[in-house]
Amino acid sequence: MDNFLKDVIQGLQKSQKSLPSKYFYDEEGSRIFQKIMALEEYYLPECEVEILRESSADILKELPFSDLDIIELGAGDGSKTVIMLEEAKLKFNKLTYLPMDISPEILEVNKELVQKQIPDLEVEPVAGDYLHTLDLLKERTNPRLVLFMGSNIGNFPNGKALEFIQFVNDFLRPGDFFLMGVDLKKNPHVIRAAYNDREGVTKQFNLNLLNRINRELNADFSIEAFEHYGVYNPLTGSALSFLVSLEEQKVKIGELEISFDKYETIHTEISQKYSLKDLDKIASQTGFSWDRHFTDRRGYFSLSLMRK
Ligand code: AVJ
């Protein structure tokens, strides 16, 4: 289980301070993230939806099965996935959708939304951390398609992304498939703008992490004394977010005191971008024998299909 306090203290005691991005998503953070997804500059969701609309049938044509389990990791509300599920329902004899998420509440929303649009689809939600819950599916014998959408892979630092894809590969049987949504390397200005929107919603999203620490861990961060800073580095393909301390200051977290120099930064997020070549390499390094990329018209985003 997550230990918020322990992770926060650990991160803020390092010489380069950092906080894990998974803690962005409390109720307020999830609400702000919904606003990010609707931003003009934040192109990712519209690209992924375009690919799902245009290419779901072609993606599923690559799967030579009559029965299928579609297992989605970090499924959320399923509002995008349903586009592909509608197509899948037409093609497969027996189809089961198994959305997995940390949040049992969001899985209820998911099931209701999906079954409203596809009434006769079998939906079996599995709540919990997929590092543990995938194990519950080991008795199921149907061929598998695992989904990991939304460029969530970008939040893993480089080595960890490979580890995660290897973990998915280990869960699959030969002939099974993995479909991953990935934000691609592109004009650096476009990426930079996606994490520095004019309205300042991304700034709110980043600063909410300090608010959350104040609320839940009895801390006294003064939010106005920190600023959001987002950069994209084309050398590494990493978009990075930081919080910048605007003054020399001390902050209390419970009994503990943390000192900040003027302009000292807290690293809060990595959103890694990949090229199609990067993805080919990653697929073969993690035990996949074949892959194919489905992209949007602008070539901004890929749904990359890999076969074990
Ligand atoms: C949900 C991880 C895909 O990294 O683009 C959006 C989160 N952070 N704006 C991303 C996010 C700042 C997002 N992912």
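These legends go with several close-up views of one predicted model. Residue numbers start from 1 along each chain, following the sequence as written.

**View 1**
The chain splits into domain 1 (2–42 + 189–272) and domain 2 (44–186 + 275–307), with bounds that come from an automatic or database domain assignment. Their C-alpha centres sit 28 Å apart. Across the boundary, 10 residues of domain 1 are in contact with 9 residues of domain 2; contact here is C-beta atoms, placed from the backbone, lying within 7 Å. On the domain 1 side, α8 (188–194) and β12 each bring at least two residues to the touching face. Strand β12 gives the most, with 4 residues. By type, that side of domain 1 divides into 5 nonpolar, 4 polar and 1 charged. For the bookkeeping, Ala, Val, Leu, Ile, Met, Phe, Trp, Tyr, Cys and Pro count as nonpolar, Asp, Glu, Lys and Arg as charged, and the others, Gly among them, as polar. Helix and strand labels are DSSP runs, numbered from the N terminus (helices are H or I with at least four residues, strands are E with at least two).

**View 1. The shell around the ligand.**
Around the ligand you'll find Ile 36, Leu 44, Gly 150, Ser 151, Asn 152, Gly 154, Asn 155, Tyr 195, Thr 202, Phe 205, Glu 269 and Ser 271. A residue makes the list if its C-beta atom, placed from the backbone, lies within 6 Å of the molecule. Domain 1 and domain 2 both give residues to the shell, so the ligand lies between them.

**View 2. Ser 151, a shell residue with positive phi.**
Ser 151, one of the residues around the ligand, is in the loop between β6 (144–148) and α7 (158–171). Its phi is near 55°, a positive value in a residue other than glycine. Most residues other than glycine have a negative phi. Ser 151 counts as buried because it has 22 C-beta neighbours inside 10 Å. The cut-offs, using C-beta atoms placed from the backbone, are 20 or more others within 10 Å for buried, 12 or fewer for exposed, and partly exposed in between.

**View 3. Helix α3 and its kink.**
Helix α3 (residues 44–61) has 18 residues and reaches 25 Å from its first C-alpha to its last, close to the 26 Å expected at 1.5 Å a residue. That expected span is 1.5 Å times one less than the number of residues. There's still a kink of about 65° in α3, centred on Ser 55, where the bend is the angle between axes fitted to the seven residues ending there and the seven starting there. The buried residues of α3 are Leu 44, Cys 47, Glu 48, Ile 51, Leu 52, Ser 56, Ile 59 and Leu 60. An α-helix has 3.6 residues a turn, so residues three or four places apart point the same way. The cover over the buried residues of α3 includes α4 (81–91), β7 (177–183), β13 (290–295) and β14 (301–307).

Cys 47 is in helix α3 and is buried, with 22 other C-beta atoms within 10 Å. Beyond residues up to four places away in sequence, Cys 47 touches Asp 296, Tyr 300 and Phe 301. Gly 181 is 134 residues from Cys 47 in sequence but 10.0 Å away, C-alpha to C-alpha. Arg 297 is in the loop between β13 and β14, and with 9 C-beta neighbours inside 10 Å it counts as exposed.

Thr 265 lies in β12 and counts as partly exposed, with 19 C-beta neighbours inside 10 Å. Leaving aside neighbours within four places in sequence, Thr 265 is in contact with Lys 17, Tyr 229, Phe 242, Leu 243 and Val 244. Tyr 263 lies in the loop between β11 (256–260) and β12. Its phi is near 70°, a positive value in a residue other than glycine. With 12 C-beta neighbours inside 10 Å, Tyr 263 counts as exposed.

Conventions. This is a predicted model: local features need pLDDT of at least 70, side-chain atom pairs count only at pLDDT 80 or more; totals for chains, interfaces and linings use all residues. Two residues are in contact if their C-beta atoms, placed from the backbone, lie within 7 Å.
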